[in-house]
Amino acid sequence: MPLIEQGEIVADAWVEVADDAALPAEGGAIISLARRIAEAETLRGRNQPLGVRIPPATRAEALAEHLDGVQLVVVDFPKFRDGRGFTVARDLKERFGFKGVVRAVGHVLPDQYGFLVRCGVDQVVIPEGAKVETWRAALDSFTGAYQTSVGDDRPLSPLKRLLNKAG
Amino acid sequence: MTHVGPVGHAAIYRYDDFDRRFVQERVNQFRDQADRRLAGELTEDEFKPLRLMNGLYLQLHAYMLRVAIPYGVLSSPQLRALAEIGRKYDKGYGHFTTRQNLQFNWIKLEEAADALQALADVDMHAIQTSGNCVRNVTTDQFAGVAADEAEDPRVYAEILRQWSSLHPEFSYLPRKFKIAITGSPNDRAAIKLHDVGLRVLRDPAGSGKLGAEVWVGGGQGRAPFVAKLGRAFVPEEDLLAYLEAILRVYNAYGRRDNMQKARIKILVHELGITEFLRRVDEEFERLKGPRYRLDEAVVADIRRHFAPVPYDADGGATPVLSGDEATAFARWRAANVVDTRAPGYVAVTLSLKPAGGIPGDMTSDQMDAVADLADKHSFSEIRVTHAQNLVLPYVRAAELADVWRALDKLKLAEPNIGLTGDIIACPGLDYCSLANARSIPLAQAISEKFADPARQADIGELHVKISGCINACGHHHVGHIGILGVDKKGAETYQITLGGRADLDAAIGEIAGPAVDAEQVPAVIEKIIEIYLRERSPGERFVDAVARLGVKHFKESLRAAD
């Protein structure tokens, strides 16, 4: 399925690997949080990009001690109504200082894209055949916000902020 | 687009360019969403949360648009704009709700964006009047004028409006989230029956700082809970950080498996208040600090919008009328008018509860006329109460006779505020797809039965509240007399509760006997009131008599009377 970043389709250099499958010798592999913890020792020796998928009901703090060497965290939205992932993403970036890529997967709507980005999500997997223009437009719907965003806002006052893309 | 905005001296938050652009962008976004829905690009399931967060519900017969009236404050141009929307997009009226909002019941999807544009043109919106997000913040209808008020809650209500508008993290919560705020020791905002209730006060420990007492986990609905104390004092600068902490804990841990158990009151109940607050405190400790600090200068800037209106030194004395008018005027003065903190100025409540009428309904023509009255007598400002009435907050007592005669002509001077006829009712089965039973015809029947103002005055303060289903939009749990529509084998029947109250001594009413048919309800209420009249001590209010005598006593007396 297409992957977008900053409103543009980007290539996906990562593969998801099931818990009982062997990791590819080269390239980025996304594994479960459980495997990240269980195979911590072995993984340390693997000199390839590592991604971790965090289950919907798990808070970011479960991953906090295992972020070392992780370049990508996949946050799962089982249903667009389920907003737990917003808190997970924000915690990863704001609380745990995660510098890698946060990717949203599952059921999200274009209309949530702006919120996702403001909570620290960098990439979103969108449905096959989805209009990327709709997603891009959603990102530009608002030029200002009343709350802090992860990373890139410019405060006019503590309650009013210009979103970076606005200017 | 012709932008009107609030004018005159109304103490109302005035949008700056930022606010205006934000609301305009929201309208544009919605227009695009509605177009995509109409073109079939969005499924109804996907469109639903988007339209809900713009206040658009699909009801039994049409779309309903719920307009936010932030903390119940309106300027006269805004009320005129609502009147015009009612004419153009509804059937010439609107319906004020228990959350200080206004609903239009006959909106077409094709015209919804135009209605939102008409709102934006007068600095209004329908953002987050529904959906699983932070809803329109409510407050005391007498905020800023009440004689008993310690601190002005409107300043913080506006800050909360801004902070909660399209919050990136908290727009897809497990369930809706309602915040009420008061600045008075006599709570008229029912803060203990909200997801979060705030009471603005000075630090009880004596630091002199402004802040708020925070209550959490209250609510009505299927499982009613009175809120528990979160913190006795959160300083102003940390208020947003503390609310972020509460919402973050709720967003992360609130139940999503069962809609009936998804409100924060259930999380607080299931975790226990101690564990819940431990988690909140943990978040709060991390969030406290410059990033979430509410700057003093920002508060001061917003406070300027709510500066006192330019009162005269004295608003004068209530005129004395003679002849036919004397009794009716005196009765209205006693029931619908309260003194304010400004000498000689009073706040006048306009009853939207005529005998036999629909609680909260108002025609567009009435709205226009009230806007004119507000311009003439109340610095162009109008308030909406959670009891579904309106208030002119700054009336010179000397002008009361003129105001009364004008309101009487408009049929807005029923002298029943806080009395038996001032019934709160949800839309019920006449409009709502959730209801088990009708509420409006019942409210009409009861108000007709007690139409005599002298009788209502004799009965005294009595809050009758009717909900058409257990979701409790009519606040039946906290009615002194509560009436709940239940579906009994396909028949609409009603359960009656006694002793509920929504003030700082908030309590949930107890069931007074078996459910009865609609036709019987007014008679049962009459019997309950007869018991009260017979057994009350001098000066004792209904709700106090119920507390003293016990619901059981009423139950037994009712059975004996059968």
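The lining of the largest cavity divides into 13 nonpolar, eight polar and four charged residues. Keep in mind that this is a predicted model. The cavity holds about 260 Å³ of space. In total, 25 residues line the largest cavity, and A:Asp111, A:Phe115, A:Phe142, B:Gln29 and B:Leu166 are the closest to its centre. Both chains supply elements here. From chain A, α5 (113-118), α6 (132-139) and β9 (144-145) each give two or more residues to the lining.

Now the pockets. The second largest pocket contains about 950 Å³ of space. Its lining has 42 residues. Nearest its centre lie B:Gln141, B:Arg188, B:Gly418, B:Glu461 and B:His463. Elements giving two or more residues to this lining are α10 (324-336), β11 (337-339), β12 (345-350) and β17 (464-467), in chain B. By class, the lining counts 20 nonpolar, 12 polar and 10 charged residues.

Two of those strands, β11 and β12, bring us to a sheet. Its order is β3-β14-β15-β12-β11 in chain B: five strands, open, with antiparallel pairing. Which strands stand at the edges? They are β3 (73-75) and β11 of chain B. Each has a single partner strand, so one side of each has no neighbour in the sheet. From one strand to the next, the twist averages 30 degrees. At one end, β11(B) and β12(B) run antiparallel and are joined by three bridges. Take one of the residue pairs: B:Asp339 has B:Val346 in β12(B) as its bridge partner.

Helices pack on this sheet. Helix α3 (residues 76-89) of chain B touches β3 and β14 (381-384) of chain B. The direction of α3 makes about 90 degrees with that of β3(B). Helix α11 (residues 364-377) of chain B lies across β12, β14 and β15 (390-396) of chain B. How does α11 run relative to β15(B)? At about 25 degrees.

Next, another sheet in chain B. Five strands form an open sheet in the order β6-β7-β8-β9-β10, and the pairing is mixed. The edges are β6 (138-139) and β10 (228-235) of chain B. Each pairs with a single partner strand, so one side of each is left without a neighbour in the sheet. Inside the order, β7 (residues 179-182) and β8 (residues 196-202) of chain B pair in the parallel sense, over four bridges. In that pairing, B:Ile179 has B:Val196 of β8(B) as its bridge partner. Helix α8 (residues 273-287) of chain B lies across β9 (210-216) and β10 of chain B. The angle between α8 and β10(B) is about 25 degrees.

Last topic: helix against helix. Two packed helices are described by the angle between their axes and the distance between the axes.

The axes of α1(B) and helix α4 (residues 109-120) of chain B come within 9 Å and cross at roughly 175 degrees. The two helices are therefore roughly antiparallel. On the α1(B) side, the contact includes B:Val23, B:Val27, B:Phe30 and B:Arg31. On the α4(B) side, it includes B:Leu109, B:Ala113, B:Leu116 and B:Gln117. By class, the contact has 10 nonpolar, two polar and four charged residues.

Compare a second pair. Helix α15 (residues 521-535) and helix α16 (residues 542-549) of chain B pack at about 80 degrees, axes 10 Å apart. Parallel or perpendicular? Angles of 65 to 115 degrees count as roughly perpendicular, and α15(B) and α16(B) are therefore roughly perpendicular to each other. From α15(B), the contact uses B:Ile528, B:Tyr532 and B:Glu535. From α16(B), they meet B:Phe542, B:Ala545, B:Arg548 and B:Leu549. The contact of α15(B) with α16(B) has five nonpolar and two charged residues, with no polar ones.

That's my tour. Questions, please.

Technical notes
Residues numbered from 1 in each chain as written. Chains lettered and ligands numbered in written order. Predicted model: local features only at pLDDT ≥ 70, side-chain atom pairs only at ≥ 80, totals over all residues. Heavy atoms only, no water. Axes fitted to C-alpha atoms, helices over the stretch in contact; angles between N-to-C directions. Parallel < 35°, antiparallel > 145°, perpendicular 65-115°, else oblique. Contact = heavy atoms within 4.5 Å. Nonpolar A, V, L, I, M, F, W, Y, C, P; charged D, E, K, R; others polar. 1 Å grid on protein atoms, 1.4 Å probe; cavity = no way out; pocket = protein on both sides within 12 Å on 5 of 7 lines; lining within 4 Å. Points joined across faces, edges and corners; volume = space filled by probe spheres on them. Pairing = 2+ DSSP bridges.
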